[in-house]
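Subject: Structure handover

Hello,

Here is the structure I promised to pass on. Please open it beside this email and follow along.

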Amino acid sequence: KKANNAAILVTESTSHLLNNVLHWSLEQSNQLVFDTKEYALRPLVQHVLHDYTHLVDARGITIETELENILVNIDKESIKIVLRNLLDNALKYMGGKGSITIRTGDFNNNEAFITVEDTGQGISAEKLKKINALKDLTIDKIDRSKGVGLGLLLCQTLVKKNKGSITFES
């Protein structure tokens, strides 16, 4: 069973990495199709979470949700990519069993939010500063060995294209 779980983890990780590379290259060459429409946020989040069922079960991680029924004007596929990347990072740095909580809500009549919170090890102040400065980061400035890479840069880009903002806290 452990070998099967390891194979699932490697396959999922590779799939998400390839997906990031594909979407980043499409975005950089202005070929990423953005189809902004009104969507219900709850089912969108639930759909992404469903894709993680085997992965979180294999790692002994629980996912809790507090999802409000909110309609948002977004490009659905790009927001799914952002959620997958945030979940991937939460799982990557969990360091064993733990939990992830995802919340959606309404700031006001024009803005909604999604939070992804985990019980992982946290982020150092130095790395947090770098992550929150992603708006100024370009692909040629990425040092993947320091752990701030393509996934978070792609998140920043896609959230901006959806007229939103993204911040990180530890």
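In which segment does Lys 163 lie? Lys 163 sits in the segment after α6. Keep in mind that this is a predicted model. The phi of Lys 163 is positive, about 60 degrees, although the residue is not a glycine. Lys 163 has 81% relative accessibility, so it counts as exposed.

**The overall picture**

The protein has six helices and five strands. Along the sequence, the pattern reads α-β-α-α-β-β-α-β-β-α-α. Of the 170 residues in the protein, 36% are buried. Now look at contacts between residues at least 6 apart in sequence. Of these, 71% join residues at least 24 apart.

Start with helix α4, residues 76-92. Helix α2 covers residues 41-50. The axes of α2 and α4 come within 10 Å. They cross at roughly 50 degrees. The two helices are therefore oblique to each other. Their crossing is right-handed.

Which residues make this contact? From α2 come Leu 44, Val 45, His 47, Val 48 and Leu 49. From α4 come Lys 76, Ile 79, Lys 80, Leu 83, Arg 84 and Leu 87. Sorted by class, the contact of α2 with α4 holds seven nonpolar residues, one polar and three charged.

Helix α4 also meets helix α6, residues 150-161. Here the axes come within 9 Å and cross at roughly 145 degrees. The crossing of α4 and α6 is left-handed. On the α4 side, the contact uses Ser 78, Ile 81, Val 82, Asn 85, Leu 86 and Asn 89. On the α6 side, it uses Gly 151, Leu 152, Leu 154, Cys 155, Leu 158 and Val 159.

How many residues of each class are in the contact of α4 with α6? There are eight nonpolar and four polar residues, and no charged ones.

Arg 42 and Glu 68 are 26 residues apart in sequence. In space, they are 6.5 Å apart, C-alpha to C-alpha. Set aside the neighbours of Arg 42 within four places in sequence. Arg 42 is then in contact with Leu 67, Glu 68 and Asn 69.

Next, find Gln 156 in helix α6. Is Gln 156 buried or exposed? At 10% relative accessibility, Gln 156 counts as buried, because the cut-off for that word is under 20%. Gln 156 and Ile 131 are 25 residues apart in sequence. Their C-alpha atoms are 9.7 Å apart in space.

**A strand residue and a loop residue**

Ser 99 is in strand β4, residues 98-106. With 15% relative accessibility, Ser 99 counts as buried. What does Ser 99 contact, leaving aside its neighbours within four places in sequence? The list is Ile 61, Thr 62, Glu 64, Met 94, Glu 117, Asp 118 and Thr 119.

Now turn to Gly 122. This residue is found in the loop between β5 (112-118) and α5 (125-132). Gly 122 has 40% relative accessibility and counts as partly exposed. Its C-alpha atom is 5.1 Å from that of Ser 170. In sequence, Gly 122 and Ser 170 are 48 residues apart.

**The aromatic pair**

Last, the rings. How many aromatic pairs does a search of the whole structure find? The search finds one. The partners are Phe 107 and Phe 113. Their ring centres are 5.1 Å apart. Their planes stand at 40 degrees, so the pair is tilted. Why is that the word? Planes under 30 degrees apart would count as stacked, and over 60 as edge-to-face.

How accessible are the two partners? Phe 107 is at 56% relative accessibility, so it counts as exposed. Phe 113 is at 24%, so it counts as partly exposed.

Best wishes

Note on methods
Residues numbered from 1 in each chain as written. Predicted model: local features only at pLDDT ≥ 70, side-chain atom pairs only at ≥ 80, totals over all residues. Heavy atoms only, no water. Phe/Tyr/Trp six-rings, centres within 6.5 Å; stacked < 30°, edge-to-face > 60°. Buried < 20%, exposed > 50% of the residue type's maximum accessible area, 1.4 Å probe, protein only. Axes fitted to C-alpha atoms, helices over the stretch in contact; angles between N-to-C directions. Helix = DSSP H or I, 4+ residues; strand = E, 2+ residues; numbered from the N terminus. Parallel < 35°, antiparallel > 145°, perpendicular 65-115°, else oblique. Left-handed = near helix turned anticlockwise from the far one by under 90°. Contact = heavy atoms within 4.5 Å. Nonpolar A, V, L, I, M, F, W, Y, C, P; charged D, E, K, R; others polar.
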